[in-house]
Amino acid sequence: PMRRFGKILVGVEFSQTDDPKSRELTSCSRAAFNCALWLAEANEAELTIFTAVDIPAPLEGYFGDRMGQ
């Protein structure tokens with residue numbers, strides 16, 4: 001029998017626009033997400049989606065203490 005995945009993590013990237021509400025997955029991220037979703041459904045696995053964000057310079061001091069800096 002084939003081993004099944006229980007948890008799957010997929011990293012995605014959003015397009016850069018001035019309006020955060022209009023951001024969409026990049027084409028590569030959309031393909032990765034679709035593959036991960038298919039794999040999760042086929043294995044009845046938990047799917048976690050990860051993305052990273054840039055912190056604007058004025059907020060670096062605010063988050064610095066909370067991020068171990």
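Ile8 lies in strand β1. Strands are DSSP runs of E with at least two residues, helices are runs of H or I with at least four, and both are numbered from the N terminus. The model is predicted: local features need pLDDT of at least 70, side-chain atom pairs count only at pLDDT 80 or more, and totals for chains, interfaces and linings use all residues. Residues are numbered from 1 along each chain as its sequence is written, and side-chain values use heavy atoms, with hydrogens and water left out.

**The fold.** The chain has two helices and two strands. From the N terminus on, they follow the order β-α-β-α. Of the 69 residues, 14% are buried. Buried means under 20% relative accessible area, exposed means over 50%, and partly exposed lies in between (1.4 Å probe, protein chains only). The accessible surface is about 6,100 Å², and carbon and sulfur atoms hold 57% of that surface. These areas come from the Shrake-Rupley method with a 1.4 Å probe; for residues, only the protein chains shown count as cover.

**The core.** Which residues form the largest nonpolar core? They are Ile8, Val10, Ala36, Ala40 and Ala45. Strand β1 (7-11) and helix α1 (27-43) each give at least two residues to this core. Such a core is a set of buried Ala, Val, Leu, Ile, Met, Phe, Trp, Tyr and Cys residues joined through side-chain atoms within 4.5 Å. In soluble globular proteins, nonpolar side chains tend to be buried together.

Contact means heavy atoms within 4.5 Å. Beyond four places in sequence, Ile8 touches Ala36, Leu39, Ala40, Ala45, Glu46, Leu47 and Thr48. Ile8 and Leu39 are 31 residues apart along the chain, yet their C-alpha atoms are separated by 8.2 Å.

| Residue | Relative accessible area | State |
|---|---|---|
| Ile8 | 10% | buried |
| Asn43 | 12% | buried |
| Cys35 | 53% | exposed |
| Cys28 | 62% | exposed |

A search of the whole structure finds zero disulfides. A disulfide would need a pair of cysteine sulfur atoms within 2.5 Å.

Asn43 sits in helix α1. What does the side chain of Asn43 reach? It reaches the backbone oxygen of Leu39 at 2.8 Å. Leaving aside neighbours within four places in sequence, Asn43 also contacts Arg3, Arg4 and Phe5.

Key
A polar contact is a pair of N or O atoms within 3.5 Å; within protein, one must be able to donate a hydrogen and the other to accept it, and residues adjacent in sequence count only if both atoms are side-chain atoms.
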